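Here is a note for a colleague who is new to reading protein models. Please keep the structure open beside the text while going through the points.

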Amino acid sequence: MFFEFLDLKPRNPYLGLALDEALANTMVRQGWSGGLRLWSNPLCIVLGRSDQLTANIPEARRSIESSQLRRRWTADAPVLRRLSGGGAVLHGPGNLNYSLFVSLEKNPDFYPLRISYALLLGIVRKALEAQGLAALLRGQSDLVVTAENGTLMKISGNAQFRRRGALVLHGTLIMRPELIERVSDYLLHPPREPDYRSGRDHRRFLTHLPDSFDFSAFHACVSGELQQLLRVDAPVRLGPAERFQVYCKARRLVYGCYARKEWIVEARSPQELALGA
């Protein structure tokens, strides 16, 4: 079985991160082959699994409150930490997130890290190329396009985590230029950068999708290509009862880990925090 989980309404950002893991756990438990999630988050700073708070976020933005009250996490961008590696990113309005799920038990060819990135980002590249964007893979997990002056501009950052027999690759696409203008206010220059960045600041390094971008076409292409790659039939949308169970599991993960200060600041392992209990 191949599942789809369309979740484009911005919600509690901690839940937004936890849903990827909850869906991965559900996929493995149900014996599904893979799936696709398209989602969005309100304005928030998301650290990678090993990122240091002080090296990535300006001092004025480092307050960790981890409130579940909407009025608190909408007042300013909260700081979160995801389960995957990679660098810190800014989520928010104008940003499209996608998550590709693969069962490693059913698809062992995806075990090598570079192969999994090449295969899955190849799908995203095809979906962008279908809309006239010739994207290239640079570094281990960046997708870039060539500007008119010949420089490479980052259009998508990606990372992955593996847990309990599941591989999850998630990435971002900037749909509005306003989000790029805000990145410098919330993120420092990264402590590590790919060679092709050449020291450029965020505004000169990041780019966005054109106004002509068709979300429905992107969704259909990514879904179809992933199904073909995994050799599965047409996708199945989770019913109300299944979605409810996934949300319940995600909420337990939020309170068990994703909204806990020990996880966000110290990156203490999920096992230490009894993740998934």
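1. Basis of the note. This is a predicted model, in which local features need pLDDT of at least 70 and side-chain atom pairs count only at pLDDT 80 or more, while totals for chains, interfaces and linings use all residues. Residues are numbered from 1 along each chain as its sequence is written, and side-chain values use heavy atoms, with hydrogens and water left out.

2. Helices (H or I, at least four residues) and strands (E, at least two) are DSSP runs, numbered from the N terminus, and two strands pair if DSSP finds at least two bridges between them. Three bridges join strand β3 (residues 44–47) to β4 in the parallel sense, and L47 is found opposite R81 in β4.

3. T26 lies in helix α1 and counts as buried, at 5% relative accessibility. Buried means under 20% relative accessible area, exposed over 50%, and partly exposed in between (1.4 Å probe, protein chains only). Not counting residues up to four places away in sequence, T26 touches W32, V246 and K249.

4. Strand β8 (residues 142–146) and β9 run antiparallel and are joined by five bridges, with D142 opposite G157 in β9. These two strands form a hairpin with five residues between them, and G150 in the turn has a positive phi of about 90 degrees. On the other pairing, β9 and strand β10 (residues 166–174) are antiparallel over six bridges, and N158 stands opposite G171 in β10.

5. Rolling a probe the size of a water molecule over the atoms shows where empty space is left. On a 1 Å grid over the protein atoms alone, a cavity is a set of points where a 1.4 Å probe fits but cannot get out, and a pocket is an open set with protein on both sides within 12 Å along at least five of seven lines; lining residues have an atom within 4 Å of a point. Grid points are joined across faces, edges and corners, and a volume is the space filled by probe spheres set on the points. The largest pocket holds about 1100 Å³ of space. It is lined by 50 residues, of which G86, G87, D142, K154 and N158 are the closest to its centre. Strand β9 gives the largest share of this lining, nine residues.

6. The largest cavity. In the whole structure, the search finds two cavities of 30 Å³ or more, and the largest cavity has about 50 Å³ of space. Its lining includes G16, L17, W39 and Y258, and helix α1 (residues 13–30) gives the most to this lining, with four residues.

7. Residues to check in loops. Most residues other than glycine have a negative phi, and most peptide bonds are trans. R164 has a positive phi of about 55 degrees although it is not a glycine; R164 is in the loop between β9 and β10 and is partly exposed at 47% relative accessibility. S198, also a residue other than glycine, has a positive phi near 55 degrees; S198 sits in the loop between α5 and α6 and counts as exposed at 58% relative accessibility.

How values were computed. Contact = heavy atoms within 4.5 Å.
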